[in-house]
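Biologist: I would like to learn how to read helices and their packing in a model. Could you take me through it slowly?

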Amino acid sequence: MRFLWATATHVGMVRGGNEDSVYPTDPGQSDESLLAAVADGMGGHVGGEVASRTALEAAVATDGTPAHRLRAANDAVVAAIADDPALTGMGTTLTLGIFDGSGTLDLGHIGDSRGYLYRGGELTQLTSDHTLVAELIASGRIRPEDAATHPQRHLVTRAIGIAGAIDVDEESIALEAGDRVLLCSDGLTTMVNDDDVATILGRTPTPDDAAWALVEAANAAGGHDNVTVVVVDVLE
């Protein structure tokens, strides 16, 4: 299989700096393999930017499974905090996919960035949000429609750099020609609902068009956070 991809990141309409990081940074194509990832930093502008960049650099530089790469990212962020106590409290989400030319996508995930599969006009969320609100919905304590206004909607329950050991979600997906995969920070999903994301993915002809259309939609809806996306098309 061949992969065609593009990425986009934007500070949004409210924030003063961009705490997201993305890999790869340039569009491209490959008939072998592709590593793609999105990280959304936390801990203030400086700490969040350092956390997401440090985690992503470590994950990219490490060989092995997505889970192994995320654990290396966690080690790197924990080490950075130990070296500079002023960074205490920083952390980051990280959603990472390894696309194999044989037709498999292996995902590693922690936090509330997301991975989606768009196939045959249907959008499927591949990752679970590690947030207090997601736990409350799962337990039936609040309704899904209440999530957007919950006072603790931004509270992440799992992240890179918060503890010495992390629990990583893993998922393996068999890809098909015609699939479109989206990795994104929550700056997209808190501004644009899944139906509108699906509409944009379905109507845009190229990954680059799709990536920037998603960013523009998030900003048009208010752009309350940094927004970062990777769009990967799966071709024969």
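Predicted model: local features only at pLDDT ≥ 70, side-chain atom pairs only at ≥ 80, totals over all residues.

Biologist: How many residues does helix 2 have, and what span does it reach?

Modeller: Helices are DSSP runs of H or I with at least four residues, strands are runs of E with at least two, and both are numbered from the N terminus. The expected span of a helix is 1.5 Å times one less than its number of residues. Helix 2, residues 66-83, has 18 residues and reaches 26 Å from its first C-alpha to its last, close to the expected 26 Å.

Biologist: Which residues of helix 2 are buried, and what do they pack against?

Modeller: An α-helix has 3.6 residues a turn, so residues three or four places apart point the same way. Buried means under 20% relative accessible area, exposed over 50%, and partly exposed in between, using a 1.4 Å probe and protein chains only. Among the buried residues of helix 2 are Arg69, Leu70, Ala73, Asn74 and Val77. Contact means heavy atoms within 4.5 Å, and the partners of the buried residues include helix 1 (44-61), strand 4 (33-42) and strand 10 (169-174).

Biologist: How should I describe the way helix 1 and helix 2 cross?

Modeller: Two packed helices are described by the angle between their axes and the distance between the axes. Axes are lines fitted to C-alpha atoms, for helices over the stretch in contact, and angles run from 0 to 180 degrees between N-to-C directions. Angles under 35 degrees count as roughly parallel, over 145 as roughly antiparallel, 65 to 115 as roughly perpendicular and the rest as oblique. The axes of helix 1 and helix 2 come within 8 Å and cross at roughly 135°, and the two helices are therefore oblique to each other.

Biologist: What is the case for helix 5 and helix 6?

Modeller: The axes of helix 5 (residues 194-203) and helix 6 (residues 207-220) come within 9 Å and cross at roughly 150°, which makes helix 5 roughly antiparallel to helix 6. In this contact, Val197, Ile200 and Leu201 of helix 5 meet Ala210, Ala213, Leu214 and Ala217 of helix 6.

Biologist: Is serine 185 buried or exposed?

Modeller: Serine 185 lies in the loop between strand 11 (180-184) and helix 4 (186-189), and it counts as buried because its relative accessibility is 0%.

Notes:
Residues numbered from 1 in each chain as written. Heavy atoms only, no water.
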